[in-house]
Number of protein chains: 2
Amino acid sequence: MTHPRWLDEREARAWRAFHKMYRQLNSAINRRLTSDSGLSTADYEILIPLSEAPGRRLRARDLGRGVDWEKSRLSHHIGRMQRRGLVDRQECPTDARGAFIQLTEEGWRAVEAAAPDHVETVRRYFIDLLSPEELETLTSIADRVVHRIAETTPDSDCGPPGCAEG
Amino acid sequence: MTHPRWLDEREARAWRAFHKMYRQLNSAINRRLTSDSGLSTADYEILIPLSEAPGRRLRARDLGRGVDWEKSRLSHHIGRMQRRGLVDRQECPTDARGAFIQLTEEGWRAVEAAAPDHVETVRRYFIDLLSPEELETLTSIADRVVHRIAETTPDSDCGPPGCAEG
């Protein structure tokens, strides 16, 4: 590569502003969530899809894909949430990756208690600051970026299905 | 809070898409950077501001503020980069937070070698997918969000200055 196409000032500013926003938003929301409910954003990311799933449970692999976490991060975090009584792990005897993660009653109550304050925080720091057109633009940008990454990244996670759904 | 203002479908979709984009973008860029240059995005985040600073050095506290890292993360990561010969730490005898982080020759060569491929990756996965208007919109959204967070977050990092510059 002999002639790098460096970012111009406008591009560099957008790139830096985007990162700064994400980092600050993430930590501001995490701080509020933790002080309001004792949950971290990582806990919340796991609890929400479980609370919305049929029977409040998901296969570990599907949960991991949904939140875009690496297997080791997911498994460590699920272990910690299990010890806090928020989720249960139901092993699949023939396929560890087919294990189900089940939301417990305590996990359900935790997410139910946290959600109203959390959505207010998300509104205050982000959603309410954007016009409907800006929300559309952001969604469209995000879809394009995710699509581009998928095009250029080999899918390393397409093994055969494990235990049948419950 | 008796009536939470839940996100509507469009808002929830934007919020999820935004997070998904960021996570995937971050890990795609990190994968490419590491395979092209052996640096992580965390290394790169630290190397760039140092490479642009007068004398290629910055106070630890200013570097930490610039990248929005917590003190402990910065100090651990700087320690690892020091052991790899990428940076040096020059203590300030009267104020640990006034210590300077100095880019080494090796760190300078590493960032110089990594930058051309990295900027291509950033273009391919992000910048080149956005129109000039979308870049402006994104920057404007980011500025608004950062401003809102700053308004509602006490500044916990406004101690007296330490060692004099240079």
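Helix axes are lines fitted to C-alpha atoms over the stretch in contact, and the angle between two axes runs from 0 to 180 degrees between N-to-C directions. On that basis, the axes of helix 2 (residues 41–52) and helix 5 of chain B come within 10 Å and cross at roughly 110°. Angles of 65 to 115 degrees count as roughly perpendicular, so helix 2 of chain B is roughly perpendicular to helix 5 of chain B. The model is predicted.

**Layout of chain A**

- Along the sequence, the elements of chain A are arranged in the pattern α-α-β-α-α-β-β-α-α.
- Taken along the principal axes, the C-alpha atoms of chain A fill a box of roughly 55 × 40 × 25 Å.
- Chain A has 166 residues, of which 45% count as buried.
- Among the contacts in chain A that join residues at least 6 apart in sequence, 61% are between residues at least 24 apart.

**Helix 2 with helix 5 in chain B**

- On the side of helix 2 of chain B, the residues in contact are B:Tyr44, B:Leu47, B:Ile48 and B:Ser51.
- They meet B:Gly107, B:Trp108, B:Val111, B:Ala114, B:Ala115 and B:His118 of helix 5 of chain B.
- This contact comprises seven nonpolar and three polar residues, with no charged residues.

**Helix 1 with helix 5 in chain A**

- The axes of helix 1 (residues 9–37) and helix 5 (residues 105–125) of chain A come within 10 Å and cross at roughly 155°.
- Helix 1 and helix 5 of chain A are therefore roughly antiparallel to each other.
- The crossing of helix 1 of chain A with helix 5 of chain A is right-handed.
- Helix 1 of chain A contributes A:Leu25, A:Ala28, A:Ile29, A:Arg32, A:Leu33, A:Asp36 and A:Ser37 to the contact.
- Helix 5 of chain A contributes A:Ala114, A:Asp117, A:His118, A:Thr121, A:Val122, A:Arg124 and A:Tyr125.
- By class, the residues in the contact of helix 1 with helix 5 of chain A are seven nonpolar, three polar and four charged.

**Helix 1 of chain A with helix 1 of chain B**

- Between the chains, the axes of helix 1 of chain A and helix 1 of chain B come within 12 Å and cross at roughly 115°.
- Helix 1 of chain A and helix 1 of chain B form a left-handed crossing.
- From chain A, the contact draws on A:Trp15, A:Phe18, A:His19, A:Met21, A:Tyr22, A:Leu25, A:Asn26 and A:Ile29.
- From chain B, it draws on B:Trp15, B:Phe18, B:His19, B:Met21, B:Tyr22, B:Leu25, B:Asn26 and B:Ile29.
- B:His19 lies in helix 1 of chain B and counts as buried, at 16% relative accessibility.
- Leaving out residues up to four places away in sequence, B:His19 touches A:Tyr22 and A:Asn26.

**Nonpolar cores**

- The largest nonpolar core has 44 residues, of which A:Phe18, A:Phe126, B:Phe18 and B:Phe126 touch the most other members.
- At least two residues of this core come from each of helix 1, helix 5 and helix 6 (132–152) of chain A, and from each of helix 1 (9–37), helix 5 (105–125) and helix 6 (132–152) of chain B.
- Beyond its neighbours within four places in sequence, A:Phe18 is in contact with B:Phe18, B:Met21, B:Tyr22, B:Leu25, B:Phe126, B:Leu138 and B:Ala142.
- Another core, of 24 residues, lies apart from the largest one and includes A:Leu33, A:Ala53, A:Leu74 and A:Val87.

**Loop residues**

- Most residues other than glycine have a negative phi.
- A:Arg56, however, has a positive phi, near 50°.
- A:Arg56 is in the loop between helix 2 (41–52) and strand 1 (57–59) of chain A, and is partly exposed, with a relative accessible area of 26%.
- B:Asp68 also has a positive phi, near 60°.
- B:Asp68 is in the loop between helix 3 (60–67) and helix 4 (71–83) of chain B, and counts as partly exposed at 29% relative accessibility.
- A:Gly85 sits in the loop between helix 4 (71–83) and strand 2 (87–90) of chain A.
- Not counting residues up to four places away in sequence, A:Gly85 touches A:Thr104, A:Glu106 and A:Gly107.
- From A:Gly85 to A:Thr152 the separation is 67 residues in sequence and 40 Å in space, C-alpha to C-alpha.

Methods. Residues numbered from 1 in each chain as written. Chains lettered and ligands numbered in written order. Predicted model: local features only at pLDDT ≥ 70, side-chain atom pairs only at ≥ 80, totals over all residues. Heavy atoms only, no water. Helix = DSSP H or I, 4+ residues; strand = E, 2+ residues; numbered from the N terminus. Parallel < 35°, antiparallel > 145°, perpendicular 65-115°, else oblique. Left-handed = near helix turned anticlockwise from the far one by under 90°. Contact = heavy atoms within 4.5 Å. Nonpolar A, V, L, I, M, F, W, Y, C, P; charged D, E, K, R; others polar. Core = buried A, V, L, I, M, F, W, Y, C linked by side-chain atoms within 4.5 Å. Buried < 20%, exposed > 50% of the residue type's maximum accessible area, 1.4 Å probe, protein only.
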